[in-house]
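Let's take a friendly walk through a protein sheet and the helices beside it. Have a look at the picture below before reading on.

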Amino acid sequence: METQPAVALLDHFAELRDPRREHRRWHNLSDILVIAVCAVLCGAESFPAMEDFGHEREGWLQQFLELPGGIPSHDTFNRVLRLLDPVQFQACFLGWMHAVAAATAGEVVAIDGKALRRSFDKGRAKRPIHMVSAWATANGVVLGQRKVDTKSNEITAIPELLDLLALKGCIVTIDAMGCQRAIAQKILDQEADYVLALKGNQPTLEQAVERFFVTGPAAEAHRTSSDYHEQTEQGHGRVETRCTWISAALDADLTTAAWPGLRSLGMVEATRTLDGKTSVEQRFYLSSLPPEAPQFARAVRKHWGIENKLHWTLDVTFREDQSRLRIGHGAENFAVLRHIALNLLRQESSPKSLPRKRLACALNPDYLLKVLLGEQF
């Protein structure tokens, strides 16, 4: 992804409809959102913390905000984010990302879901909110997100998210839940390629690819004739070797007529040694990519970055799983605020870690402005 960080964030949120009654609008919606984003950048994890941030930085905020009613109370932050239309909010987020990030050919975009674990409400029989996100692996930014309907699952949310993204020339990677013909076709319609993991939700397909590479009578010959790539990594007392095979010799049950755009079958065998114990795991894939093992291995490896560079970061750095927001759209919209903050911090080019960047935002108003606007410091 090529980024243009100088694009102002709030220009893309000007079209948001204010959910409050007109006679009760003591604070500008834009002011509320600016303070909320700045507060999250500085470490705020709750609405009272947003109010505290506003009061501590009121003089600084007055330089570029109107603040006709002063600093909003925590109840105001709560009410506005609870009532704000999440579809509109996410659409504005997406417009901003289209402006600051342009897809480049061959870029890997990983799509995966994550539950906001403490957003459940047992009293209302409400399950935790589940968000599906698209992650640009090159520069570690969220391209878009979609809430999973409480009566459905990721299979319905992924196509909706794909419809919102500009993916031409990219490689889209999705775990087993998204291994569906309709999803594969939608990726192809976007002029992109796919790498889809196979697991229990597609048992027949998984068994067919496993026979091709491992258990079938011609498995050894298939592996020998496949394009092959091997990589070994060491760290934290662990040695891991990943062997990758990819083949265009499609099984009769897996023709392009049966599966849109299918050009190759892939297998990754990961051998890990830790504390003297060795484990072996095999994973199988369908792909529209040509049978080139280094490219396929890179796409598979990049996909797992969404777990530790997005989900893990949201849980550990932003403490997302500890959030107990449950009423209205509060949890969903606060998740978008975290994604905005994460993207802004990722775009800032200093070598600081994310926690150090958040601390620097809290301590240094000039640095916070640099992160917020993408300006040189």
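## A word before we start

Two strands count as paired if DSSP finds at least two bridges between them. Keep in mind that what you see is a predicted model.

## The sheet

Now to the strands themselves. The model contains an open sheet of nine strands with mixed pairing, in the order β5-β4-β3-β6-β7-β11-β10-β9-β8. Which strands sit at the edges? They are β5 (141-147) and β8 (227-235), each of which pairs on one side only. On average, neighbouring strands of this sheet are turned by 25 degrees against each other, if direction is ignored.

In general, strands of a sheet pair through backbone hydrogen bonds, and they do this either parallel or antiparallel. Here, strand β4 (residues 129-136) and β5 run antiparallel, joined by six bridges. Within this part of the sheet, Val-132 stands opposite Arg-146 in β5.

## Helices on the sheet

Helix α11 (residues 305-316) lies across β3 (108-116), β4 and β5, and runs at about 35 degrees to β3.

## A lysine in β3

Finally, zoom in on Lys-114, which lies in strand β3. Is Lys-114 buried or exposed? Its relative accessible area is 10%, so Lys-114 is buried, as the cut-off for buried is under 20%. The side chain of Lys-114 also makes a polar contact with the side chain of Asp-315, at 2.9 Å.

Terms used. Residues are numbered from 1 along each chain as its sequence is written. This is a predicted model: local features need pLDDT of at least 70, side-chain atom pairs count only at pLDDT 80 or more; totals for chains, interfaces and linings use all residues. Side-chain values use heavy atoms; hydrogens and water are left out. Helices (H or I, at least four residues) and strands (E, at least two) are DSSP runs, numbered from the N terminus. Axes are lines fitted to C-alpha atoms, for helices over the stretch in contact, and angles run from 0 to 180 degrees between N-to-C directions. Contact means heavy atoms within 4.5 Å. Buried means under 20% relative accessible area, exposed over 50%, partly exposed in between (1.4 Å probe, protein chains only). A polar contact is a pair of N or O atoms within 3.5 Å; within protein, one must be able to donate a hydrogen and the other to accept it, and residues adjacent in sequence count only if both atoms are side-chain atoms.
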